[in-house]
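Please look over the sequence and the coordinates below.

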Amino acid sequence: MRVTTKASDILSKKVKIIPQICAIFLNIISKGNKTRVIDNYLIMKKILIIALFLACVMQVTAQEPKRVLFIGNSYTDVNNLPQLVQQVSESAGMRVDYSRNTPGGCTFEQHCTNESMRLIQQGGWDVVVLQEQSQLPSFPQSQVERECLPFAAQLVDSIYAHNPDGEAM
């Protein structure tokens, strides 16, 4: 699990040492001239704050995007759920790259034999979101156990086999 440090946390710690860093540089640059020291100190402080801010921003934006695969049907596709998830994630500062296979009315059984399985097997997914055909899960339990669960298990097994750090949802 990656631990992400917020830019504000880094800034609050680093800003405290800026005056000390500035003093070291200024003694070298100004050669003891006190008027020059004050002018150079202000310039150096601004430069260091800007550099520190840019370093923090680069660290935050350098995070690798989460790769998400959506497997479902028209309920996922019509409302453009993948793009909505991407937009919400980006508003929270997390990059998301996604792919999808969402043909209308598609069941887990059909996903086990179509493009979905190829996408799962290509690997590299952080999250794979599974959605069964809309009515099938509401059928009698014996029918769900026969027509849904074995194929859900097949998809999940394939997800973990080809995406060891991935998560099936």
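Predicted model: local features only at pLDDT ≥ 70, side-chain atom pairs only at ≥ 80, totals over all residues.

Residues are numbered from 1 along each chain as its sequence is written, and side-chain values use heavy atoms, with hydrogens and water left out.

The chain has nine helices and four strands, where helices (H or I, at least four residues) and strands (E, at least two) are DSSP runs numbered from the N terminus. Along the sequence their order is α-α-α-β-α-α-β-α-α-β-α-α-β. Of the contacts (heavy atoms within 4.5 Å) between residues at least 6 apart in sequence, 72% link residues at least 24 apart.

The accessible surface of the chain is about 11000 Å², and carbon and sulfur atoms hold 59% of that. Such areas come from the Shrake-Rupley method with a 1.4 Å probe; for residues, only the protein chains shown count as cover. Of the 169 residues, 30% are buried; buried means under 20% relative accessible area, exposed over 50%, and partly exposed in between.

The largest nonpolar core has 18 residues. A nonpolar core is a set of buried Ala, Val, Leu, Ile, Met, Phe, Trp, Tyr and Cys residues joined through side-chain atoms within 4.5 Å. Leu69, Phe108, Val128, Leu130 and Leu155 touch the most other members of this core. At least two core residues come from each of β1 (66–71), α7 (115–122), β3 (127–130) and α9 (149–162), and α9 gives the largest share, four residues. Not counting residues up to four places away in sequence, Leu130 touches Ile71, Phe108, Leu155, Val156, Ile159 and Met169.

Gln131 sits in the loop between β3 and α8 (141–147). Is this residue, Gln131, buried or exposed? Gln131 counts as buried because its relative accessible area is 18%. Its side chain makes a polar contact of 3.2 Å with that of Asn73; the term covers a pair of N or O atoms within 3.5 Å, and within protein one must be able to donate a hydrogen and the other to accept it, while residues adjacent in sequence count only if both atoms are side-chain atoms. Beyond four places in sequence, the contacts of Gln131 include Ile71, Gly72 and Phe108.

Leu81 belongs to helix α5 (residues 81–91) and is partly exposed, at 34% relative accessible area.

Conventions: Buried < 20%, exposed > 50% of the residue type's maximum accessible area, 1.4 Å probe, protein only.
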